[in-house]
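This report covers helix packing and sheet pairing in a single chain. The structure follows.

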Amino acid sequence: MSEEVAGIWVEVVTRPDVPQLLSHAECRAVLAAAVEAAGAPRGATVSLTLSDDTELAALNAEHMGKDGPTDVLSFPLLPPSAFPPHPGQDPAVREAAGPFALPPGEAPHLGDIIVSVERAIEQAEGGAGGQTSNLRWAPADELRLLITHGGLHICGWDHADPVEREAMRELERRLLGRT
């Protein structure tokens, strides 16, 4: 079920047998804060699926051409030019998509995010969590980070460029209250 949080409609789905580290209300709040901070238009929709390593491994192979599970995958539906520019963003990424305008009165769907809760637990408890992949912390904290990270990816953020990566990391820290 989709619910509105701070002007963003967020749907959260938990696959069967996936541990619930955070309530759906908290997941919605974390994701809404991330996409709002990235400049998503009010009224936009976004979906979050909490899953496991098996599903993420299959999606990682199919969509990214990589073997094995990953912690989060984002499937954006809007081009980067639909969002405000941010530090380190390659201008060519924005130019390639061209100008973007939303149809009047239409709420855009930003895209879909899928997180492996299993991977979040393993990374957090194994000391491979956090932005630097060397933090041991609560699995719920890792899940909050992955939801935030996925939300920023949906809105055109990336971490391939060092300047953009640091800007993305700083925004994640601020959103998670870790600055």
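Helix α1 (residues 24-37) and helix α6 (residues 162-175) have axes that come within 11 Å and cross at roughly 135°. This is a predicted model. Angles over 145 degrees would count as roughly antiparallel. The two helices, α1 and α6, are therefore oblique to each other. The crossing of α1 past α6 is right-handed. On the α1 side, the residues that meet α6 are Ala33, Ala34 and Ala37. They face Leu171, Arg174 and Leu175 of α6. By class, this contact of α1 with α6 holds five nonpolar residues, no polar ones and one charged one.

A further packing partner of α6 is helix α5 (residues 139-154). The axes of α5 and α6 come within 10 Å and cross at roughly 130°. That makes α5 oblique to α6. The crossing of α5 and α6 is right-handed. From α5, the contact takes Leu145, Thr148, His149, Leu152 and His153. From α6, it takes Met168, Arg169, Leu171, Glu172 and Leu175. The residues of this contact of α5 with α6 divide into five nonpolar, three polar and two charged.

Leu171 and Leu175 of α6 meet α1, and Leu171 and Leu175 also take part in the contact of α6 with α5.

Now the sheet. Strands of a sheet pair through backbone hydrogen bonds, either parallel or antiparallel. Which order do the strands take in the open sheet? Its five strands run β1-β2-β3-β5-β4, with mixed pairing. β1 and β4 (72-76) stand at the edges, each with a single partner strand, so one side of each has no neighbour in the sheet. From one strand to the next, the twist averages 20°.

| Strands | Sense | Bridges |
|---|---|---|
| β1 (residues 2-5) and β2 (residues 8-14) | antiparallel | four |
| β2 and β3 (residues 45-51) | parallel | six |
| β4 and β5 (residues 109-116) | antiparallel | five |

Serine 2 has glutamate 11 in β2 as its bridge partner. The hairpin of β1 and β2 has two residues between the strands. There, alanine 6 takes a positive phi near 50°. Valine 10 is bridged to valine 46 in β3. Between β2 and β3 the chain passes through α1, and this β-α-β crossover is left-handed.

How values were computed:
Residues numbered from 1 in each chain as written. Predicted model: local features only at pLDDT ≥ 70, side-chain atom pairs only at ≥ 80, totals over all residues. Heavy atoms only, no water. Axes fitted to C-alpha atoms, helices over the stretch in contact; angles between N-to-C directions. Parallel < 35°, antiparallel > 145°, perpendicular 65-115°, else oblique. Left-handed = near helix turned anticlockwise from the far one by under 90°. Contact = heavy atoms within 4.5 Å. Nonpolar A, V, L, I, M, F, W, Y, C, P; charged D, E, K, R; others polar. Pairing = 2+ DSSP bridges. Right-handed = clockwise from strand over helix to strand, strands pointing away.
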